[in-house]
Amino acid sequence: MAEQGKIRIIKPCHRLEGEVTPPGDKSISHRAVILNSIASGEAEIVNFSPGGDCWSTVRCLRALGARIRRVGASDFPTLLVSGVGGRGLTEASNVLDAGNSATTMRLLGGLLSSQPFLSIITGDASLRSRPMGRLIEPLRLMGAEIWGRGKDSFAPLVIKGRKLYGTEISLSIPSAQIKSAILLAALFARWRTALQQLVPSRDHTERLLKQMGAELKSDGKLISLNPLTSPLKAISFTIPGDISSAAYFLVAAAVHPDARIVVRGCGVNPTRTGIIDALVAMGAKLKIKNERLNANEPLADIVVESSKLRGIEIGGAMIPRVIDEIPLLAVAGCFASGKTVIKGAAELRVKESDRIATVSRELTKMGAKIEELPDGMIIYGGKSLSGAEVDSHLDHRLAMSLAILGLMAEGETVINHAQVVNVSYPSFWSVVASLIPSQSSERSEEAARELKE
Ligand code: S3P
């Protein structure tokens, strides 16, 4: 993540129209490169995420001896991975750096717990403040020797890899990162691992492991995985577009008074489509077309038009399906009639920023009315919104949510620390500009220009 603070200026636009091809899914990209690195054979991963988070995973894997080459355009890169097999990773000569990426740290934390060497893994200031006890505790039940700063609460993590035991683990937090960490560790354990999740979370790891030949059974809540008896089989595939990136344009089209946006090739895995369900429940004119399957992951095209939204209430099992889109749902709630209530989402407090606090604070600066709850927020729709100077708090999802609000607010919105979008969506600003008719034709830099602080 760039350390230099940068600002973006967003102005309202009369119309939003066009097509968006979102970048490769970030969650699937992490998993595809990790699992292919420890597989046997060659894999071509097309449409790998261009976001900084996935490059953190690539850098760490290379430091561990993985063989990964990057080819193709920078917005839609391809990776060529030569698997080193289940026992082919080697001790890194330095501390591993996961940057801003909790997925990198937690997934590799699980994998490295079961590798026969020492690893130390750290991250940027935000990642070093995020909870790691939730990773350390279940891995220790498998016999892992893993420690963290602050009485095993935070990174840096120190891992003395060893042979682990399969066991029965019940996950109290619906976290796909922790679930995946345990599954990666379990691949090399002595016995079968059984994992119980009270609420299902994104299932990309399970889908990919099955495709690559692992003995994994899942009914959504109970997952069992046998240790590998032969290496995973490398798998080449095209990663579906990231619904968490596409979501900004789904919401932009729904709340803008004169808009029609088509999103092409977007992942629609049901563990991720909470934002679609929420928008439809709010009354959005949203159509899903051309549904298809690629390497066991569903994708589709999505068309959204200007809509009149009404407030809804979400909570419970819906939350993990929409967790990364809640800042954006708050934006949608500002344009809905009545109130939008989000509950059971205390996890938002331990994301890249405390998203309950930062979303409330920054949207309020633009005229939104939001009440913070310990585990969510209430957004009162229909307030008049005006541009203001706001801050991303170095949180990519907040920066992009503020940009969408800025397109609809009266006057100019100045977003500080806007460079953080690079974490997941480096081309976000140019995609926004391409949807604004005057800017896409005149290539005007006016409404989304970048300035050094
Ligand atoms: C992710 C899981 C979620 C999500 C994150 C990506 C993943 O985090 O918020 O952006 O790829 O497994 P948690 O596992 O902490 O819920």
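Keep in mind that the model is predicted.

Start with the pocket. Its volume is about 540 Å³. How many residues line the largest pocket? The count is 33. Nearest the centre lie Gln 177, Arg 202, Ile 323, Asp 324 and Lys 351.

Now, what sort of residues are these? The lining holds 14 charged residues, 10 nonpolar ones and 9 polar ones.

Next, where does the largest pocket lie? Domain 1 is made of 2-23 + 240-452, and domain 2 spans 26-238. Both contribute to the lining, so the pocket lies between them.

Several helices take part. Helices H1 (26-37), H3 (102-113), H6 (176-186), H10 (319-322) and H13 (396-408) each supply at least two lining residues.

Ser 175 has a side-chain N or O atom 2.6 Å from a ligand oxygen. With Lys 351, again a side-chain N or O atom, the distance to a ligand oxygen is 2.7 Å. Gln 177 uses its backbone instead: an N or O atom there lies 2.9 Å from an oxygen of the ligand.

How much of the ligand does the protein cover? On its own, the ligand has 380 Å² of accessible area, and the protein covers 94% of that.

Note on methods:
Residues are numbered from 1 along each chain as its sequence is written. This is a predicted model: local features need pLDDT of at least 70, side-chain atom pairs count only at pLDDT 80 or more; totals for chains, interfaces and linings use all residues. Side-chain values use heavy atoms; hydrogens and water are left out. On a 1 Å grid over the protein atoms alone, a cavity is a set of points where a 1.4 Å probe fits but cannot get out, and a pocket is an open set with protein on both sides within 12 Å along at least five of seven lines; lining residues have an atom within 4 Å of a point. Grid points are joined across faces, edges and corners, and a volume is the space filled by probe spheres set on the points. Helices (H or I, at least four residues) and strands (E, at least two) are DSSP runs, numbered from the N terminus. Ala, Val, Leu, Ile, Met, Phe, Trp, Tyr, Cys and Pro count as nonpolar, Asp, Glu, Lys and Arg as charged, and the others, Gly among them, as polar. Domain bounds come from an automatic or database domain assignment. A polar contact is a pair of N or O atoms within 3.5 Å; within protein, one must be able to donate a hydrogen and the other to accept it, and residues adjacent in sequence count only if both atoms are side-chain atoms. Accessible areas come from the Shrake-Rupley method with a 1.4 Å probe; for residues, only the protein chains shown count as cover.
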